[in-house]
Amino acid sequence: MKIKKQGVEKIKKPSSTGSGPEEKGVIVSHHGIAVDILFESGERRMVKVKRREGHVVGDNVVVKDHRLARLPRRTELCRRDSRGSVRIVGANLDVLGVVVSPMPLPTPGYIDQAIVAARQAGLTPVLVINKGDLEGAWIFADKIMATYKEIVEVFVVSAITREGLEALEHYLGQGRSFFVGITGVGKSSLLNAICPALDLRVGELFTTGNRGCNTTTVSTLHSLPGGGELVDTPGFNEFGLVDISTEDLAGYFPGFEEAMEERCHFGDCRHRTEPGCAVSALVESGNIARERYDTYLTIFDQIQAGDARFKTRR
Ligand SMILES: Nc1nc2c(ncn2[C@@H]2O[C@H](COP(=O)(O)OP(=O)(O)O)[C@@H](O)[C@H]2O)c(=O)[nH]1
Ligand SMILES: [Mg+2]
């Protein structure tokens, strides 16, 4: 399919008398005052929008008489940025690929927060451990596998050697995925490896340090050669949770699944100091790792502290 790029189309006031053709498409990237749309015809062009209309990558739209209307969303992935504002970062997604690497290491709690965010939004979380080619990468990968392989699908890959990529490509072929991960883990490199025609810019790894430079500045939806679509995003160094209450957290928390089935003595148990708590019992018996439980408590406290403040910012 040939993709044609044209100039920016201006949005005019809605007109009920307009009789132009209706064109359906999907937003592949958002540039503030314009969105880049891939139309069903295969044509791709920019259409002007107002910032506050809140369109995001993955939105299905209809353009008629230079007017853009957004269709209802199947899923919405939100995050809270470092200033506390809630942002919808992608629409109509199926899978959240949480990309991690042995260098740079994920920040504490990052994986768990991303899994909670995915589940809350109705997306399937998967873990992608990149840079499997680095020396000692297997020590890191084994630790992550031991913690998560019973809970989510885990892929160990290398964007450089292409190890493990085939299985990942096959998995991504099933729908629309969104990659998150801190800057420098290799999200753009993975997309380049899967889709060589793209030639995305990749950050240089500093020779002295372990941080990559981020060169992705806007989330962009790409069609994959083996099927499926993937959104490459600028690094999300934190994954602030949105609209989640302290009572719902445990239900989404990775590793608490068994405890949720067993049920606690109190129906409104928050799994901290309450007697007869199924989570605490599993922590005591070693079935829930202490580390993981501590992450739960940390996130719980953050939600509790942030609840009032963040609710008013939406
Ligand atoms: N050794 C190794 N380096 C990688 C791999 N994938 C990416 N890198 C390097 O990591 C740095 C950051 O990559 P980039 O794709 O920009 O990361 P992003 O910020 O997550 O998009 C670059 O220097 C890449 O060359 C990999 O599988 N193995
Ligand atoms: Mg990038």
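Which backbone oxygen lies 3.1 Å from a polar atom of the side chain of Arg292? Keep that in mind for a moment, everyone, while I cover the ground rules. This is a predicted model, where local features need pLDDT of at least 70 and side-chain atom pairs count only at pLDDT 80 or more, while totals for chains, interfaces and linings use all residues. Residues are numbered from 1 along each chain as its sequence is written, chains are lettered from A and ligands numbered from 1 in the order in which they are written, and side-chain values use heavy atoms, leaving out hydrogens and water.

Back to the opening question. The oxygen belongs to the backbone of Pro254. A polar contact, by the way, is a pair of N or O atoms within 3.5 Å; within protein, one must be able to donate a hydrogen and the other to accept it, and residues adjacent in sequence count only if both atoms are side-chain atoms.

Let's stay with Arg292. You will find Arg292 in helix H8, residues 290–311. Helices (H or I, at least four residues) and strands (E, at least two) are DSSP runs, numbered from the N terminus. Arg292 is buried but has no salt bridge, and the nearest side chain of opposite charge, Asp112, is 4.3 Å away. Buried means under 20% relative accessible area, exposed over 50%, and partly exposed in between, using a 1.4 Å probe and protein chains only. A salt bridge needs a side-chain nitrogen of Lys or Arg within 4 Å of a carboxyl oxygen of Asp or Glu. As for charge, Lys and Arg count as positive, Asp and Glu as negative, and His and the chain ends are not counted.

What else is around Arg292? Leaving aside neighbours within four places in sequence, the contacts of Arg292 (heavy atoms within 4.5 Å) include Asp112, Thr147, Ile151 and Phe253. Arg292 also sits over the face of Tyr148, 5.0 Å from the ring centre. For that label, NZ of Lys or CZ of Arg must be within 6 Å of the ring centre and within 35 degrees of the ring normal.

Now, rings. The whole structure has six aromatic pairs. One of them joins Tyr296 and Phe300, which are tilted, with 5.9 Å centre to centre and 50° between the planes. Rings of Phe, Tyr and Trp (its six-membered ring) pair if their centres lie within 6.5 Å; planes under 30 degrees apart are stacked, over 60 edge-to-face, and the rest tilted. Tyr296 and Phe300 are four residues apart in helix H8, so about one helical turn separates them. Both are buried. Ring pairs also link Phe253, Phe256, Tyr293, Tyr296 and Phe300 into a cluster.

Next, salt bridges. How many does the structure hold? There are 11. In one of them, Arg44 meets Asp36 at 2.9 Å, N to O, and both residues are buried. In another, Arg73 meets Asp59 at 2.7 Å, N to O. That pair links distant parts of the chain, 14 residues apart, and both Arg73 and Asp59 are buried. Then there is Asp94 with Arg74, whose closest N and O atoms are 2.8 Å apart. Here the partners are 20 residues apart. Is Arg74 buried or exposed? At 53% relative accessibility, Arg74 counts as exposed, while Asp94, at 26%, is partly exposed. Glu23, Glu43 and Arg45 form a network of salt bridges.
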